[in-house]
Amino acid sequence: MKWSLRFHGVGNASAAGRLGSAMATIERDGRPWLTIDCGAEGLDHYLDTYGEYPKALYITHTHLDHVGGFERLFVGAWFDEALRRGVRVYCPASVVPLLHQRVGDYPNVLAEGGVNFWEAFQLVPVGERFWHEGLHLETFAVRHHWPKSAYGLRLPGSVVWTGDTRPIPEVLRVIADAGEVIAHDCGLHGNPSHTGFDDFLREYDAQTRARCILYHYGSPREAQVMREQGARVADPGEVIALPAPRLIES
């Protein structure tokens, strides 16, 4: 069984139109297993790649470059009887109210009425850990603008996805302690919600940096500068091989 991570987009909010919104899918044997976030541009790439809507998603936080594809996903799911109520949305419990405010709290999601937004989905609030298709995953709070509003994801032994974050070396020492590939938010210049490349070089040791692949940057030029200084940087549409997940007993 082969595992991989496909980057549907790698851009920050201002670069999503050129680089795609930061969104990825964990694949098992080349097929989508669990998708991370649902940006508008990222959903375009997902549909172009797989020819179908995602059936399972994990939501890191609710900035629109990460959830802006939900209205289209609702329409796609609701009007497909085979998919209706079958799209599983895993969402950290403290993010659920924010997600509802952002994408679900509209008076009539269909002009004709008669349906509530979440009827199209299977919404699964999660805590620090959850199960998906027999495998155990973990969530962890990150440093992004406001406490308990943004979370990363770990598939133990395989991959850690930070989501949007400032540097979190103390967290990764615990949450990425089994040799996982680390997909890390990083642009050339940081701000109070995102890691800058100088932060990345300062806060992480060489062994951790070597396991990181960077995404959520502002331009191809930014990617080039970071690569010239030795970083691994993801391209839109890139697929990377992952170690097999570590099996955890229930």
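Q: Which residues of helix H9 are buried?
A: This is a predicted model, and in its helix H9, which covers residues 220-228, the buried residues are Glu222, Ala223, Val225 and Met226. Seen down the axis of H9, these buried residues fall within an arc of 160°, so they line one face of the helix.

Q: Why do residues three or four places apart in an α-helix point the same way?
A: An α-helix has 3.6 residues a turn, so residues at that spacing point the same way. In this structure, the face of H9 turned away from its buried side carries Pro220, Arg221 and Glu228, which are exposed.

Q: What do the buried residues of H9 pack against?
A: They pack against helix H7 (197-203) and strand E12 (212-215). After H9 comes glycine 230, whose phi is positive, near 100°.

Q: In what order do the seven strands of the open sheet lie?
A: The order is E6-E5-E4-E3-E2-E1-E13, with mixed pairing, and the edge strands, each of which pairs on one side only, are E6 (121-126) and E13 (239-242). Neighbouring strands of this sheet are turned by 25° against each other on average, direction ignored.

Q: In which sense do strands E3 and E4 pair?
A: Strand E3 (residues 31-36) and strand E4 (residues 56-58) pair in the parallel sense, over two bridges, and threonine 35 stands opposite leucine 57 in E4.

Q: Which strands does helix H2 lie across?
A: Helix H2, residues 40-50, lies across E1 (3-9), E2 (23-28) and E3, and runs at about 130° to E1. Helix H5, residues 96-104, lies across E5 (87-92) and E6, running at about 125° to E5.

Technical notes:
Residues numbered from 1 in each chain as written. Predicted model: local features only at pLDDT ≥ 70, side-chain atom pairs only at ≥ 80, totals over all residues. Heavy atoms only, no water. Buried < 20%, exposed > 50% of the residue type's maximum accessible area, 1.4 Å probe, protein only. Helix = DSSP H or I, 4+ residues; strand = E, 2+ residues; numbered from the N terminus. Arc of directions from axis to C-beta. Contact = heavy atoms within 4.5 Å. Pairing = 2+ DSSP bridges. Axes fitted to C-alpha atoms, helices over the stretch in contact; angles between N-to-C directions.
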